[in-house]
Amino acid sequence: MRTGAFVYPWDVDGDPAAPELLTGLGLAQVTLAAAYHSTRALTPRHPAHRVVTAEHAAVLYPPDPDRWADRPLRPYPAGRWAPGDSFGRAAEALAATGLEVHSWVVLAHNSRLGAEHPETSVVNAYGDRYPWAPCIGRPEVRALLVDLAAEAAVRPGATATELESCGWYGLAHLHAHDKTGGVALGEREQYLMSLCFCASCREGYADGGADPDELAAAVRRALEPVWTGAGPAGGLGASEGPALAWRAATARTLQEDAVAAVRAAAPPGFRVLLHADPDPYRCGADAGTDPAHVLGLADGVVARPPRVGDFAAHARPATVLAANLSVVAGMGGAPDRLTDDAERARDAGATELRLYHAGLASDEDLTAVRTALRKLGWAVSGR
């Protein structure tokens with residue numbers, strides 16, 4: 001079973017020891033960020049820095065000026081945290097050790113876009129904007145994301161891509177100093193707080209037969225027991241079906257367009273994977289999909305281990321089903337359980353592993369990863 005790990009360019013660029021360290025773990029592949037959201041990241045082994053602050057969502061390579069000329073919505077180049085073609089330099093160094101490189105492309109997650117173009121953001125039923133969550137129902141947002149997918153995915157040195165947030169984003173996001181945990185929100189409550197009521201989505205609901213004002217009021221009524229502590233969220237009545245149908249269809253067509261754009265730009269044999277969840281209405285990094293549909297489009301998915309089995313029933317012989325396992329103990333991961341977790345993922349139908357995140361992990365975490373992969377004996381045979 002092939003095993004890969006996520007890394008940022010700044011984990012590798014400027015650190016001559018990083019590629020050999022990653023190869024020595026027993027990895028066959030790395031998923032290297034090419035377009036990423038704002039973050040503050042620890043780099044515990046880099047010779048030049050320990051903390052990288054990516055101040056805004058950015059591409060980690062020079063964007064094509066001809067592609068984006070005269071377009072108000074365009075990707076932002078990275079600043080000092082990833083100057084020039086940081087992706088390209090890191091990819092070249094990694095490939096030189098025999099590691100296969102996948103580009104890691106984050107799409108519908110961009111706080112700077114929402115700050116500079118607030119009309120592009122998701123608007124909840126209370127009228128609050130989520131600047132970190134571009135609304136994929138807006139034509140100008142979709143055009144940006146589809147072209148970004150094509151450009152960021154097919155970078156020199158990459159043999160495949162993994163598209164994250166290729167669908168709806170919503171409430172869930174660690175935005176600045178996040179203070180939203182005072183009231184516990186389950187999956188349904190998160191979904192209701194993520195329903196968008198911008199002009200494009202209101203039009204979409206209306207086209208499906210739902211009154212957008214009534215739908216927004218129904219969302220607020222459904223959430224009222226949550227705010228008062230009286231119980232979980234209730235139902236939305238007859239308008240829920242059209243709302244769900246609009247959102248599922250919008251995500252579905254974005255996924256179709258993004259995958260088609262990448263394939264049109266990519267050389268033969270270039271694989272396209274989506275970070276995905278089998279619940280078509282789920283928001284976030286693992287965007288909601290219909291398993292049969294997305295596996296008819298893409299070459300595979302990257303999914304949380306409990307969800308891999310839902311995709312396995314629709315997999316073709318060459319389909320990639322990569323189970324995403326966290327190995328950073330300080331962020332809730334369990335590198336000491338990697339052997340057992342990997343075997344369970346394989347039994348559920350996983351064909352590959354992705355380890356989050358080799359650049360953020362401590363030396364102790366990486367020692368546990370190295371030990372587990374040697375015990376499993378998968379990495380070399382999967383290379």
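The structure is a predicted model, in which local features need pLDDT of at least 70 and side-chain atom pairs count only at pLDDT 80 or more, while totals for chains, interfaces and linings use all residues. Residues are numbered from 1 along each chain as its sequence is written, and side-chain values use heavy atoms, with hydrogens and water left out.

**Overall form**

The chain holds 14 helices and 14 strands; helices (H or I, at least four residues) and strands (E, at least two) are DSSP runs, numbered from the N terminus. The radius of gyration is 21 Å, close to the 21 Å that the globule rule gives for 383 residues, so the chain is as compact as a globular protein of that length. That radius is taken over C-alpha atoms, and the rule is 2.2 Å times the number of residues to the power 0.38. The C-alpha trace spans about 60 × 50 × 40 Å along its principal axes.

Of the 383 residues, 56% are buried. Buried means under 20% relative accessible area, exposed over 50%, and partly exposed in between (1.4 Å probe, protein chains only). Among contacts (heavy atoms within 4.5 Å) between residues at least 6 apart in sequence, 72% join residues at least 24 apart.

**Core**

The largest nonpolar core has 129 residues, and Leu 22 and Leu 163 have the most contacts inside it. Such a core is a set of buried Ala, Val, Leu, Ile, Met, Phe, Trp, Tyr and Cys residues joined through side-chain atoms within 4.5 Å. Leaving aside neighbours within four places in sequence, the contacts of Leu 22 include Val 7, Val 30, Leu 94 and Ala 358.

Leu 94 is also one of the buried residues of helix α4 (residues 86-95), along with Phe 87 and Ala 90, among others. The cover over the buried residues of α4 includes α1 (9-12), α2 (18-24), β2 (29-36) and β6 (100-106).

**Single residues**

The table lists five residues with their relative accessible areas.

| Residue | Relative accessible area | State |
|---|---|---|
| Thr 339 | 13% | buried |
| Arg 40 | 70% | exposed |
| Leu 373 | 3% | buried |
| Asp 70 | 77% | exposed |
| Ser 165 | 0% | buried |

Thr 339 lies in helix α13 (residues 338-348). Not counting residues up to four places away in sequence, Thr 339 touches Ala 372, Lys 375 and Leu 376. Leu 373 belongs to helix α14 (residues 363-376). Between Leu 373 and Gly 26 there are 347 residues of separation in sequence, yet their C-alpha atoms are 6.3 Å apart.

Arg 40 is part of strand β3 (residues 39-42). With residues up to four places away in sequence not counted, Arg 40 touches Val 51, Val 52 and Thr 53. Arg 40 and Ala 54 are 14 residues apart in sequence and 6.1 Å apart from C-alpha to C-alpha.

**Backbone**

Most residues other than glycine have a negative phi, and most peptide bonds are trans. Phi of Asp 70 is positive, near 65°, and Asp 70 sits in the loop between α3 (65-68) and α4. Ser 165 also has a positive phi, near 60°; its place is the loop between β9 (160-164) and α7 (187-194). The peptide bond from Tyr 356 to His 357 is cis, with omega near 15°. His 357 lies in the loop between β14 (352-356) and α14.
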